[in-house]
Amino acid sequence: MRRNSIALLVSGVIVSFGLSSLLAQAQQKVSDAQVAAMVEALRLAAPQTGIANDGLYSEWQVKPETLKGWSKYCLKKELTPTQFENSPTKARQVISCITRREFNKQFLASNNNETAAVRGVGCWWMTGSYTGCNSGFTATYLQKVVGFYQQQRSKPATTPLSPN
C-alpha cells in the first residue's frame, strides 16, 4: 500500500512537471525584439491627419483619454498629453508597455502565431477590438502595420556598444 502511494506521488510529480513545461510553452511571452518591431510598426503606420492640433499625441497618434489610462497602468502615474508629447522616451516607454501587454494576449490567443498576433494588436490599436479590420480604412491600416512589422523583424538585431 505504501509503495503504491509513493509511486502515485512520484507519478503525480512527473505529470505536474510535464504539464507545467507544456503550459510554459503555451504561454510563451513575446521577445523584446518583437515588441520593439511592433512599437515601430505602429509608429510608422500611424495615420497622419495633416491637421495641426488634431487632438492626437506623439508619433503614435494617441488620444488623450487613452493616454491617461495607459500611462497610469505603465508608469503608475498619469501623464498629461503635453508631458507625453514632449517626452519621446516616456511615450515610447508607455507604448512599449501597452504593446507588450496586448501582444502577449494575442500571441496566446493565436496559439503563438506571430502574424495573427500582429494583426490582432494592430486592429486593437486602431479600433479597440482584436477583429473586424477586414475592409476599408482599417484593413489598409492593418496591411501597413503588418508590412512595417515584417520590415522591422527582418532587420539585424543591434546591440549597444560597450564603452571602452
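Reader: What makes Lys105 count as partly exposed?

Author: In this predicted model, Lys105 has a relative accessible area of 43%. Buried means under 20% and exposed means over 50%, so with 43% Lys105 falls in between and is called partly exposed.

Reader: And Glu102, why is that one called buried?

Author: Its relative accessible area is 1%. The cut-off for buried is under 20%, so Glu102 passes and gets the label buried.

Reader: How do you know that Glu102 and Lys105 form a salt bridge?

Author: Look at the side chains: N to O, they are 3.4 Å apart. A salt bridge needs a side-chain nitrogen of Lys or Arg within 4 Å of a carboxyl oxygen of Asp or Glu, so Glu102 and Lys105 make a salt bridge.

Reader: Where do Glu102 and Lys105 sit relative to each other in helix H5?

Author: They are three residues apart in helix H5, which means about one helical turn separates them. Helix H5 covers residues 88-109.

Reader: What else does the side chain of Glu102 join up with in polar contacts?

Author: There is a polar contact of 2.8 Å with the side chain of Arg101, and another of 2.4 Å with the side chain of Tyr130. Setting aside neighbours within four places in sequence, Glu102 is in contact with Val121, Trp124 and Tyr130.

Reader: Why is the pair Arg43 and Glu40 called a salt bridge?

Author: Their side chains meet at 2.4 Å, N to O. The cut-off is within 4 Å, so the name salt bridge applies to Arg43 and Glu40. Both lie in helix H2 (residues 32-45), three residues apart, so about one helical turn separates them. Glu40 has 15% relative accessibility, so it counts as buried.

Reader: What does the salt bridge between Arg153 and Glu114 tie together?

Author: The closest N and O atoms of Arg153 and Glu114 are 3.1 Å apart. Arg153 lies in helix H7 (residues 136-154) and Glu114 in helix H6 (residues 114-127), so the pair ties together parts that are 39 residues apart in sequence. Arg153 counts as partly exposed at 34% relative accessibility, and Glu114 counts as partly exposed at 26%.

Reader: Which residues do salt bridges that share partners join into one network?

Author: That network is made up of Glu40, Arg43, Glu59 and Arg92.

Reader: And how many salt bridges does the count come to?

Author: By the salt-bridge rule, the count comes to seven.

Note on methods: Residues are numbered from 1 along each chain as its sequence is written. This is a predicted model: local features need pLDDT of at least 70, side-chain atom pairs count only at pLDDT 80 or more; totals for chains, interfaces and linings use all residues. Side-chain values use heavy atoms; hydrogens and water are left out. Helices (H or I, at least four residues) and strands (E, at least two) are DSSP runs, numbered from the N terminus. A polar contact is a pair of N or O atoms within 3.5 Å; within protein, one must be able to donate a hydrogen and the other to accept it, and residues adjacent in sequence count only if both atoms are side-chain atoms. Contact means heavy atoms within 4.5 Å. Buried means under 20% relative accessible area, exposed over 50%, partly exposed in between (1.4 Å probe, protein chains only).
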